[in-house]
Amino acid sequence: LAVAILAQGISARQSHTLPSAMAMKYLGAYLMAVLGGKESPSAADIKQILEAGGISYEDDMLQKLCERMDGKQAHELISAGFGKFAACGGGGGGGGGGGAAAAGGAAAAGAVEAKEEKKVVEEEE
């Protein structure tokens, strides 16, 4: 999510030269460098992360990313873009699956208890 938000912060006009599928690996590595303590990661920092993962890269793409991020803070771009994603909804859709599974387990346990009661009654007769 943070990578998508950061990608939005670069601006649509600038991102047309950076294919979105390829941009994600560069932005992901950029954010890893930020998480690692680099406030403004260099192309060398991003290269090191990509190479450690065995990921191929293009030097010109790294330079474009660094140029576009120059003077910008990743956390500020994420904060600014987060509101755009909040408008898409979400937040409550994932919880329903967990509740249904728990209810299904309880129903199954109730069925096992009912079978056990039948066996006890049959044995008593």
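Author: Exposed means over 50% relative accessible area, and buried means under 20%. Keep in mind that this is a predicted model.

Reader: Okay. Which residues of α4 are exposed?

Author: Ala44, Gln48 and Ala52.

Reader: And which ones in α4 are buried?

Author: The helix covers residues 43–52. Ala43, Asp45, Ile46 and Leu50 are buried there.

Reader: Where do those buried residues sit around the axis of α4?

Author: Looking down the axis, they fall within an arc of 160°, so they line one face of the helix. The exposed Ala44, Gln48 and Ala52 are on the other side.

Reader: What comes just after α4?

Author: Gly54, with a positive phi of about 70°.

Reader: New topic. How many residues are in the largest nonpolar core?

Author: It has 15 residues. Among those with the most contacts inside it are Ile46 and Leu50, both buried residues of α4. Tyr26, Tyr30, Leu62, Leu65 and Met69 also belong to that group.

Reader: Which elements give two or more residues to this core?

Author: Helices α3 (20–35), α4, α5 (59–69) and α6 (74–86).

Reader: Now Cys66. Where is it?

Author: In helix α5.

Reader: Buried or exposed?

Author: Cys66 is buried, because its relative accessible area is 16% and the cut-off for buried is under 20%.

Reader: What is Cys66 in contact with?

Author: Setting aside neighbours within four places in sequence, Cys66 is in contact with Pro41, Ser42, Ala43 and Ile46.

Reader: What separates the C-alpha atoms of Cys66 and Ile46?

Author: A distance of 9.3 Å. Along the chain, the two are 20 residues apart.

Definitions and conventions
Residues are numbered from 1 along each chain as its sequence is written. This is a predicted model: local features need pLDDT of at least 70, side-chain atom pairs count only at pLDDT 80 or more; totals for chains, interfaces and linings use all residues. Side-chain values use heavy atoms; hydrogens and water are left out. Buried means under 20% relative accessible area, exposed over 50%, partly exposed in between (1.4 Å probe, protein chains only). Helices (H or I, at least four residues) and strands (E, at least two) are DSSP runs, numbered from the N terminus. The arc is that of the directions from the helix axis to the C-beta atoms. A nonpolar core is a set of buried Ala, Val, Leu, Ile, Met, Phe, Trp, Tyr and Cys residues joined through side-chain atoms within 4.5 Å. Contact means heavy atoms within 4.5 Å.
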